[in-house]
Amino acid sequence: MTEREQMNRNLAQMLKGGVIMDVTNPREAEIAQEAGAVAVMALERVPSDIRREGGVARMSDPKMIAEIQAAVSIPVMAKARIGHIVEARVLEAMKIDFIDESEVLTPADDRFHLDKRAFAVPFVCGARNLGEALRRIGEGAAMIRTKGEAGTGNIVEAVRHQRCMSEEIARLCSLPKEERMSFAKEIGAPYELVCQVAEEGRLPVVNFAAGGVATPADAALMMVLGSEGVFVGSGIFRSENPERRAKAIVTATTYYNDPKIIAEVSRDLGEAIRGVEISQIPESQRMENRGW
Amino acid sequence: MLALQGSFAEHLACLGRLEGVRPLPVKTPADLARAEALILPGGESTAQSRLLRRAGLWEPLKGRLAEGMPAWGTCAGAILLAGEVVGEDPHLGAMDIAVRRNAFGSQLDSFTARQAIAEVGPEERALVFIRAPWIERVGPRAQVLCRVRGQIAAARQGRLLATAFHPELTGDLDFYRYFLSL
């Protein structure tokens, strides 16, 4: 591993225990920072808007991203379409701190993800299971997040993905060495990374929860299930009182194992994002199925 | 070990490898009351600062630092300890140093330096700077421990220690022994 790859993984380590918030303008970015976000994700439309409005979702306007970079001192992330080499190069040229190669945007390549090792900037990628996570890490991702189902305000898919990853890691760790190659074949993951996970009992990079977090309790649930931090997309700035909700989610993420504190911060937050039942979303419109 | 956000697990793992140390995560005022010394980890200083206030740790921690509790801040932790933060209000204000946040630049400017720090040991060691601050100047009560790329990267004031880099990421136990020896 190069020194650059190591330092990019290190930046993800600095975000642990924290909340990364989707923001669409400098004002929201400032609110997020003030609430205690560890980073912001700059994007023009949050996932619930993309879901409602449809059309092709692309990288955001560099002007808007630059304004957000100027507004806050915490790291700024931005999304590039899956496989869109040039969008990623543009974000890198803007000295963005982290690129999310994201299924929330419309994929630009229906077969290949980015060769993330060809970039100096770190990448975070979504995953539903261990195989997908290790394929992305194999391509150079410095951080993994669950895909969940973005923009739904429904935590069930993120829970499924986090549990699936933990179960597969536990199973892998229980296998005799000679079974590792077949396991790698079965889950479609690089053998060397499978061996590393078996030795260390965890992913080689930081793993956050994302996709459907709407309440402080949702954020704490993901931490209880083993996530190392939380992305909140539409859940904050599409709720009734973003400022209070943002603060509450940050506090609940730190004190995930203290129900009294979570009860306290969850009081009187106003309406959460309304939310969508997953079975009401046609299979073809599920963002989590994007990526290969 | 302040355990609100950031690289506290890495610090705790390093502490666990040392003899005669009982590592304790600090998340509440009751935890703090049991601690004899405190490490403030890397992470985001704004987030940690907000959490310190919400946790009711702000005043007790300031009080303990004023009473002379040994403390070591790495990166964000150093920013929390500094008496002056360029362009912002200071946080705990325990050390007579001024720091500049993200002074080396964005993540693309993060780097690893290799050099010896005389106070810690004669060997060359890897110093990892992640969106790091630098120490702009030290007051008369503090001393410079090392400079990297012409900037102050570590300082000491009695039993207080500030490093712009992350010994918890390289597992550099010499730094922990040095802190414990102060």
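1. Buried means under 20% relative accessible area, exposed over 50%, and partly exposed in between (1.4 Å probe, protein chains only). Helices (H or I, at least four residues) and strands (E, at least two) are DSSP runs, numbered from the N terminus. This is a predicted model, in which local features need pLDDT of at least 70 and side-chain atom pairs count only at pLDDT 80 or more, while totals for chains, interfaces and linings use all residues. Residues are numbered from 1 along each chain as its sequence is written, and chains are lettered from A.

2. In helix H1 of chain B (residues 8–16), the buried residues are Glu10(B), His11(B), Cys14(B) and Leu15(B). They lie on the same side of H1(B), because they cover an arc of only 135 degrees around the axis (the arc is that of the directions from the helix axis to the C-beta atoms). An α-helix has 3.6 residues a turn, so residues three or four places apart point the same way.

3. The cover over these buried residues of H1(B) includes helix H1 (3–15) of chain A and, from chain B, strands E1 (38–40) and E2 (71–74) and helices H6 (167–170) and H7 (173–181).

4. In chain A, the UniProt annotation "binding site", from an unreviewed entry, covers Asp22(A), Gly151(A), Gly212(A), Gly233(A) and Ser234(A); such annotations may be inferred rather than shown by experiment. These residues span 213 residues in sequence, yet no two of their C-alpha atoms are more than 12.4 Å apart, so they gather at one spot.

5. Ser234(A) belongs to helix H11 of chain A and counts as buried because its relative accessibility is 5%. Beyond its neighbours within four places in sequence, Ser234(A) is in contact (heavy atoms within 4.5 Å) with residues including Asp22(A) and Gly151(A).

Terms used: Heavy atoms only, no water.
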